[in-house]
Amino acid sequence: MEDNKSPIMDRIAEANKAATTGIDAKDIENWITIHIMGKAYKVPADLTILTAMEYAGYKFVRGVGCRQGFCGACATVFRKKGDYKLQTGMACQTRAEDGMYLVQIPFTPAEKAIYDVTKEPYEASVFIRYYPEVTRCVSCNTCTKACPQDLEVMDYVQAAIRGDFDGLSDISFDCIQCGLCAMRCPAEIVQYHVAQLGRRMFGRYGLGVPDHLRKRVKEITEGKFTDEMNKLVSCSTEELRKIYTEREKEPE
Amino acid sequence: MAELKYIEGYPENIRKEIDKVTKTREKRINYTPPAMTMKERDEVLRIHPDYAPGGKRELQVGPNKGNLAPNEVADLLEAYPLIEQDEVNISQVDYDTDILIIGGGLAGTSAALWANDSGIATERILLTNKLRHGDANSIMAEGGTQAADREVDSVMKHYIDTIGGGHFENKPDVARALVEDAPLIMKWLCELGAIFDREEGGDLAEKLAGGLSVKRMHSCRDYTGLEEFRVLRDEFRTREIPYLEHYPAIELLTDGDRVTGAVLWNLETGEYKIVRAKATIIATGGYGRLHIRGFPTTNHYGATFDGVVLAYRVGAKLRDIDAVQYHPTGAAYPIQIVGYLLTEKLRGSGAQPVNADGEAFVYPLEPRDVEASAIIRECYVRNKGIVTPTGLRGVWLDTPLIEIKNGKGYIEKAFPGMIRMYKRYDIDIRKDPVLVFPTLHYQNGGIETDPAGRTNVDGLWVAGEVSGGVHGKNRLMGNSTLDCLVFGRRAGMSTAEYVKAHKGENKIALDHVKRYVKNLEQAGVKCTRRAPIILPDYRGKAALARMIDVF
Ligand SMILES: Cc1cc2nc3c(=O)[nH]c(=O)nc-3n(C[C@H](O)[C@H](O)[C@H](O)COP(=O)(O)OP(=O)(O)OC[C@H]3O[C@@H](n4cnc5c(N)ncnc54)[C@H](O)[C@@H]3O)c2cc1C
Ligand code: SF4
Ligand code: SF4
Ligand code: FES
């Protein structure tokens, strides 16, 4: 049985136990209390809202996706003890703090417009046509304050109104479409849908398909590489290994 | 234990260790350790979790009986179904469709679009998701997508890099399809409006990555998957293709020979639904949440291997299922982000792995399995790692080097996601290095297919991470988002053709499940395990110990 054991692998697994199988209270020294929808739970101090809720016994079937701040599924609103401010954050990215009380908003009711980017004119009117409510923006900046990605949401809404596709794309690029801005907006704008339309327009018309890419696609369809590829795929492993080891590397 | 004192995100004792990294930085600017020879690679790979002793066993049932698989994988293939044939009434069909797509990451979503482009009406397609449409590994891809579209590059070079990275065990016909379609896919994405990083003059900006001989990595800041996916999803919604969310597939249906649909399960209410389909595409992604060998993972919450479990029960052949990909650089500190990904693009842009003594100990862009093994060796054999407050070990990834090499402001522009992730824990990756250790990242093998995405079972296609063959034993960065888009497209087109040629109504039945159970019993598999597991369980041990199931 000896050769079926790896002490190193066992040590790695042991060190990662909390992250892979759930937390055991006996490994924890520091504790805090958080209030999940009004109910108090004692949880370990070094957790995110997401993992704290799991520790408390919640098994998520909604309100979580990527667990790493990319998918926007775990939007949460909370207040901290002694603080009047209503705050927003992603449960998987926000540290749980003592006295925090919170609720998740795992879904944002929001209408997405139906359009065809291949047919729309590349001008500001596209926003007014599909999301006429953008013009109702009162520049209150509430959306910006709500954004867990710290984006200048109001600025990209303004960029949309101006028809500045480039600016909108740059400012809104890191949007994870969590919906928190839209939930807070007094003008009932769905900022992230507006941005999505704007970015696609910029990508298609502002940037387009570069020549080198167009050229390569043409070469492939015309069969420029077919013979060489035919040869390559029929090479033996030995031949491939040789080509691989001897291939030149482009400098950094 | 006294309360730890933190200085800019690091406990005092670890902060002191950073000095050693800072001191040698100057010298390392122009020094990169040489790449390993094939012999050195073989040597270090012995410590890789795939090759280290233990952790695997032979499968006792099914088409791959006798093949080695990680224990966690074998546990699910040798598990009993969630539903017994007599428990569900399949005579009432809830959705009757032409093409059923299970899983809506990049692979499933592009399959839907291309099926539609190939003449299948939107209402004859159904995409079902376990979580929301997009709660997937796809949306998390940070680094990029490969495509050989520069003058100095060629599809042959892309092919050779891919095969070499895969230890020459890739399935040639699918690997060929991958590289030959890549530029076409990039063009398609640009036309749909995806925004890729550009050079001054408008050419696509391209970078090196592990195992690449030429700069070929296209990225969208460090949100490549997010950008690609949200563009596809927007297009999908715009075409009003039907989809379901929080409805995992828990079993396939067959007419005896062909796959003809699936049983779905409402994650929130527990009610099941029956889908009848002429063609079914499985695009359920990977298995990071199985925590193979006890590693943390970069994967999303629903990465639990469901698709393979289902397909295996209808007789689909698997390949390279023994090869697991561990990403060399997962976060090892702070505890809240352990296992999360630090994209390879960081190393592609100049960041170096550095040990506790401040030495650069490995060429930063070895293929992933080699790089990961070198880091494990540094931590556990040479004992030159840093021990974190929770007992994990890691080496430094010297991120400040990136700005020394590319100029000030570069990190903020190219890695906004990374900056954000660490800023939440008071660490500034522009000023300080970060601690990394390998993390479970990718399912290299999976269900075998032909270049059209067809499996050996009639009526069943697969696309994306759930499939096997394209990447051999080890996938290169940027080849997986590409894989999804290439084979999503091919599966979409191929199912469309199949459906058009296929007249008449399909029978649906669960006989194959009964047969599989019988096989398990005959093989003497005695267990209470059930699969698919659908979601992992991270509930606290204390809460679980006192749980009562009442409803
Ligand atoms: C953090 C991270 C970074 C990455 N970076 C890169 C990169 O830079 N470049 C690159 O090329 N690749 C990268 N990858 C890999 C790549 O993103 C994935 O392999 C790829 O996107 C997988 O796509 P997919 O469509 O096959 O699966 P996924 O995107 O995972 O989608 C599968 C979907 O199916 C759903 N599903 C699962 N089971 C069921 C079921 N039973 N019923 C219904 N639905 C189900 C899932 O919930 C999910 O939504 C990265 C991966 C991760 C995790
Ligand atoms: S812009 Fe709105 S939807 Fe996007 S991340 Fe910020 S709050 Fe969320
Ligand atoms: S919250 Fe609404 S109204 Fe206020 S600035 Fe943002 S978009 Fe404008
Ligand atoms: S779970 Fe995806 S952002 Fe939190």
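A backbone N or O atom of B:Leu106 lies 3.3 Å from an oxygen atom of ligand 1, and two further backbone contacts to this ligand are listed below with it. Each is a polar contact, meaning a pair of N or O atoms within 3.5 Å; within protein, one atom must be able to donate a hydrogen and the other to accept it, and residues adjacent in sequence count only if both atoms are side-chain atoms.

| Residue (backbone N or O) | Ligand 1 atom | Distance |
|---|---|---|
| B:Leu106 | oxygen | 3.3 Å |
| B:Asp135 | oxygen | 3.0 Å |
| B:Glu142 | nitrogen | 3.4 Å |

The protein covers 99% of the 1,000 Å² of accessible area that ligand 1 has on its own. Such areas come from the Shrake-Rupley method with a 1.4 Å probe, and for residues only the protein chains shown count as cover.

The model is predicted: local features need pLDDT of at least 70, side-chain atom pairs count only at pLDDT 80 or more, and totals for chains, interfaces and linings use all residues. Residues are numbered from 1 along each chain as its sequence is written, chains are lettered from A and ligands numbered from 1 in the order in which they are written, and side-chain values use heavy atoms, with hydrogens and water left out.

**Ligand shells**

Around ligand 1 there are 38 residues, of which B:Ser138, B:Gly144, B:Glu465, B:Ser480 and B:Thr481 come nearest. A residue belongs to such a shell if one of its heavy atoms lies within 4 Å of the molecule. By class, the shell of ligand 1 has 12 nonpolar, 20 polar and 6 charged residues. Here Ala, Val, Leu, Ile, Met, Phe, Trp, Tyr, Cys and Pro count as nonpolar, Asp, Glu, Lys and Arg as charged, and the others, Gly among them, as polar. In chain B, α4 (106–117), β20 (434–443) and α14 (480–501) each supply at least two residues of this shell, and α14(B) gives the most, with 3 residues. Helices (H or I, at least four residues) and strands (E, at least two) are DSSP runs, numbered from the N terminus.

Ligand 3 is surrounded by 13 residues, the closest being A:Cys137, A:Cys140, A:Asn141, A:Cys143 and A:Cys185. The shell of ligand 3 has 9 nonpolar, 4 polar and no charged residues.

**Salt bridges**

Over all chains the structure holds 69 salt bridges, each a side-chain nitrogen of Lys or Arg within 4 Å of a carboxyl oxygen of Asp or Glu. One of them joins B:Asp96 and B:Arg276, with the closest N and O atoms 2.8 Å apart. B:Asp96 lies in strand β6 (residues 95–102) of chain B and B:Arg276 in strand β14 (residues 272–282) of chain B, so the pair ties together parts that are 180 residues apart in sequence. B:Asp96 is partly exposed at 40% relative accessible area, whereas B:Arg276 is buried at 14%; buried means under 20%, exposed over 50%, and partly exposed in between (1.4 Å probe, protein chains only).

B:Arg347 and B:Glu344 meet in a salt bridge at 3.9 Å, N to O. B:Arg347 is buried, at 2% relative accessible area, and B:Glu344 is buried at 0%. The salt bridge between B:Glu378 and B:Arg382 is 3.1 Å, N to O; B:Glu378 is buried at 2%, while B:Arg382 is partly exposed at 41%.

A network of salt bridges links A:Lys112, A:Arg200, B:Asp117, B:Asp234, B:Glu235 and B:Arg239.
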